[in-house]
Amino acid sequence: MQGIQTRATPCDRPVKKRNRKKGGSGGSSNSEFDDMDGPQARFKPEAIDTLCQLTKFNKRELQLMYRGFKQECPSGMVREETFKGIYAQYFPKGADTSQYAHYVFNTFDQDHTGAITFTDFVIGLSVLARGSLQEKLRWVFSLYDINGDGYITKDEMSRIVTSIYDMMGKSMDPPLEESTTRDHVERVFQKLDLNKDGVVTMEEFMDSCSQQLRVGDFKYKIKLCRFGEAINNPKE
């Protein structure tokens, strides 16, 4: 069964955590999802009407995604190792996706529980697939802000860029030198750090990207939507 189609666009997610339970709201209002749950389900998503409000998906799309999500993750949640395994399927042999997938997983796991629930998943995917440029930029910022302190440091940017180059694997010809990564980070960081204080704030990031750069100019194609495609196209 084919689910919704998404484009592999640069990503963003809300930086602020939501005050919500990992297990969802439960109750009779969840009947649209309850019919799809098996005996292994431990985490129930938010009511479908609530998810319609939190995302840019309609009920039918959410039902299709939930069906695929449950096939991949019968317990109702995705652990990091499972996430990495699904993510790695969409890259060429020899690509090391583990570290980058780790950063992306943490960006989805806003409550830092070590698991992504269906609610976490569709909220993030909604931004990836249908968010505005500003929403995507906020998501990208939160990805690069590894420690979540509200600033991007040169070290954090270097870690993300290195993990992206690792994903390219053997497709890089000739292989990248370490100096290439450093030069790339230095060049981009200088464009973003408007007041030259050694860190990039959300405001600087948004201003720089909106005025000077397109999201695609970073060449960091965050293929998280590939994970979405796997979930959105459940096996018959």
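This is a predicted model: local features need pLDDT of at least 70, side-chain atom pairs count only at pLDDT 80 or more; totals for chains, interfaces and linings use all residues.
**Entry 1: aromatic pairs**

I began with the aromatic rings. I counted ten aromatic pairs. I picked F69 and F121 to look at in detail. Their ring centres lie 5.7 Å apart, and the planes make an angle of 40°, a tilted pair. I then looked up where the two residues sit. F69 belongs to helix α3, residues 59-72, and F121 to helix α6, residues 118-130.

F69 and F121 are both buried.

Next I looked at F108 and F121. The ring centres are 6.4 Å apart, which is within the 6.5 Å limit for a pair.

Are F108 and F121 buried or exposed? F108 has a relative accessible area of 3%. F121 has 2%. Buried means under 20%, so both values count as buried.

I then looked up the cluster. F69, F108 and F121 belong to one aromatic cluster, together with Y66, F118 and W139.

**Entry 2: cysteines**

How many disulfides does the structure hold? I found zero. C73 has a relative accessible area of 3%, so I noted C73 as buried. C52 has 23%, which is not under the 20% cut-off for buried and not over 50% for exposed, so C52 is partly exposed.

**Entry 3: T50**

I turned to a threonine. T50 is in helix α2, which covers residues 48-54. Its relative accessible area is 29%, so T50 is partly exposed. I then checked T50 against T119. They are 69 residues apart along the chain, and their C-alpha atoms are separated by 9.8 Å.

**Entry 4: annotated spans**

Last, I read the UniProt record. An unreviewed entry there carries the annotation "domain: EF-hand" for residues 96-131, 132-167 and 180-215. I looked up two of these spans in the model. Residues 96-131 are 67% helix and 8% strand, with end C-alpha atoms 28 Å apart. Residues 132-167 are 72% helix and 8% strand, with end C-alpha atoms 26 Å apart.

Note on methods
Residues are numbered from 1 along each chain as its sequence is written. Side-chain values use heavy atoms; hydrogens and water are left out. Rings of Phe, Tyr and Trp (its six-membered ring) pair if their centres lie within 6.5 Å; planes under 30 degrees apart count as stacked, over 60 as edge-to-face and the rest as tilted. Helices (H or I, at least four residues) and strands (E, at least two) are DSSP runs, numbered from the N terminus. Buried means under 20% relative accessible area, exposed over 50%, partly exposed in between (1.4 Å probe, protein chains only). A disulfide is a pair of cysteine sulfur atoms within 2.5 Å. UniProt positions are given in the numbering used here, feature names are shortened, and annotations may be inferred rather than shown by experiment.
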